[in-house]
Amino acid sequence: MIDLIHFATPVTNNFLVDIIKWLIQISSSIALGVILFTIILKLITLPFDFMSRYSMRKNSLKMEEMRPELEKLQKQYANDKNLYNQKMMALYKKNGYSMWGSCLPTIITLVIFIVAINAFTSYSQYQNREYFYNMSNSYNSVIYDGIDADGDLIKYENNTFTVKHKEFYDRYVDNDTPITNNGVNYNVVKEVGDGSSSLTVTTENSYISYKFMYTLENEGTESEKFTVGSVSFIVKDTQLKDTDFKVLIDNEEKLFKDQTTLTASQFLEDVCSQKSAETFREINARFLWVQNIWVTDSPMAHPILDNWDTFKTTYGYTATEEGQYGMTADNYKKLISKLTDEQTKPNGFFILAVLTAGISFLTQFVMNKSQKAQMELQTVDGQGARTQKMMMWMMPIMMAFFAFMYTAAFSIYMIISSVFSILTTLGINWIVDFSFKRKKASQSAEKIRGRVFNKDTTEDEKEKEKQTKPEKKNNENKGDFISGPVKEEKHVRGRLK
């Protein structure tokens, strides 16, 4: 007798997980689907990122303008932090500097980052559970294929096996009379027991016999009740010795070398496990050096978990599901018994964790460089600059920790997201700097003779200004008839030349 392995059907229950699933399905690879999801998410948050970075860069430029005054205040109130802060806030207000302009967009971006973590965690659980669901279907298909299905009394399609138990019972006559349906000849054997009976259905060309227990209450009355109990699959030894059985394992001779030492059921389980392993390898969840993209990029992790309890904890397989589907540690071992390499080989080498930390450091470097003035002038003793420098090292360490704790797919998300943020920051800084310089240029003026003339003054305005000047009188600067004409004196900046 051989047992089926039932694994709970995976469900998403999360619209972001559904989006990731859809993007991966339409992409040529899992990694590309993750990258597309990252770009879409960043485009959604781009308005908030723009508001935040625009505000921060604008404040930085204003802070540079206030640098002389703030440096003077730092020297003046070096020993009085509170008073320095008061003077600084007054100066902020005077120059239109806003400390809170970038806070709300930054908080929204942080919330979306947390949502993304949950989405990738949920999807990694869903994806790994789907792998094992498909593996269990492949395992069971070897058993189901061993029964001749006529498409009516016995049907097997879309990984679903159905049997019309009552019709087998109704059409059963005796042990020597076969049932013929859609060209398939069934031989049915009845066994009567205390409280329940059984029917064993067999065909000539099958290597599996199907046996089901049943109870019949109030037979022959209107309240007759036919109830099916447990079912089992019995391996037919004679059929397994037929060389035609090799088609089940794609003519892999290596599985036959120990056939003489195995029972029929053990040998068939060996074939089922091989099919399960082939299904996992066909999934191709690799990404460059990473064996399974839904497991962390670490030499201490493996593409397949070798322990059922660890699998349940990691991928959220509940006790209710375990009891409902009858999944056991022994059945889990059967599914992975031919995946010995995947249970021992490293899933990665921390490369994504290092890349995540490196890109995070570069992101902090770009951010700090664009906020140099705030770092140096926000506090009287330079504590702000020291804090920012500390964050420049702490953030990469924290991102590396996330890469270590979560899947390789999430590491890819963090790397692409950080690269996008760097490019966004550089672009926004350029826009703000250009706008700020242009605005300052338009406001600049020339001071001539104590009056301010705009550089953009038109010729017509200049001509009009000349016409408004008083004309000099003809007798101006003339002396008397004795001394003669007085020489006009020129004055420059109030001094006699």
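**Salt bridges, cavities and a nonpolar patch**

Good morning. Lys275 and Glu278 both lie in helix H7, three residues apart, which is about one turn of the helix. Helices here are DSSP runs of H or I with at least four residues, numbered from the N terminus. Please note that this is a predicted model, in which local features need pLDDT of at least 70 and side-chain atom pairs count only at pLDDT 80 or more, while totals for chains, interfaces and linings use all residues. Residues are numbered from 1 along each chain as its sequence is written, and side-chain values use heavy atoms, with hydrogens and water left out.

The side chains of Lys275 and Glu278 form a salt bridge, at 3.9 Å from N to O. The term requires a side-chain nitrogen of Lys or Arg within 4 Å of a carboxyl oxygen of Asp or Glu. Glu278 is buried because its relative accessible area is 16%. The classes are buried for under 20% relative accessible area, exposed for over 50%, and partly exposed in between, with a 1.4 Å probe and protein chains only.

How many salt bridges does the rule count? The count comes to twelve. One of them joins Asp270 and Lys338, at 2.7 Å from N to O. This pair links distant parts of the chain, 68 residues apart: Asp270 is in helix H7 (residues 264–283), and Lys338 is in the loop between helix H10 (329–336) and helix H11 (340–344). Lys338 has a relative accessible area of 24% and is therefore partly exposed.

A further salt bridge connects Asp309 with Lys312, at 3.4 Å from N to O. Because these two residues stand three apart in helix H8, about one helical turn separates Asp309 from Lys312. Elsewhere, salt bridges with shared partners join Asp152, Lys164 and Glu167 into one network.

Rolling a probe the size of a water molecule over the atoms shows where empty space is left. A cavity is a set of points, on a 1 Å grid over the protein atoms alone, where a 1.4 Å probe fits but cannot get out; lining residues have an atom within 4 Å of a point. Volume is the space filled by probe spheres set on the points, which are joined across faces, edges and corners. There are two cavities of 30 Å³ or more.

The largest cavity holds about 40 Å³ of space. Its lining includes Asn128, Phe132, His302, Phe311 and Tyr315. Helix H4 (103–144) and helix H8 (308–315) are the elements that give two or more residues to this lining.

The second largest cavity has a volume of about 40 Å³. Among its lining residues are Arg53, Met56, Arg57, Met367 and Thr425. Helix H2 (30–76), helix H12 (351–370) and H15 each supply at least two residues, and the largest share, three residues, comes from H2.

Finally, the surface. Phe50, Trp430, Ile431 and Phe434 make a nonpolar patch of about 430 Å². Patch residues have over 30% relative accessible area and no salt bridge; nonpolar side chains (Val, Leu, Ile, Met, Phe, Trp, Tyr) are joined within 5 Å, and like charges within 9 Å. Accessible areas come from the Shrake-Rupley method with a 1.4 Å probe, and for residues only the protein chains shown count as cover. Helix H15 (residues 408–443) gives the largest share of the patch, three residues. Trp430 lies in H15 and counts as exposed because its relative accessibility is 59%. Thank you.

Key: 1 Å grid on protein atoms, 1.4 Å probe; cavity = no way out; pocket = protein on both sides within 12 Å on 5 of 7 lines; lining within 4 Å.
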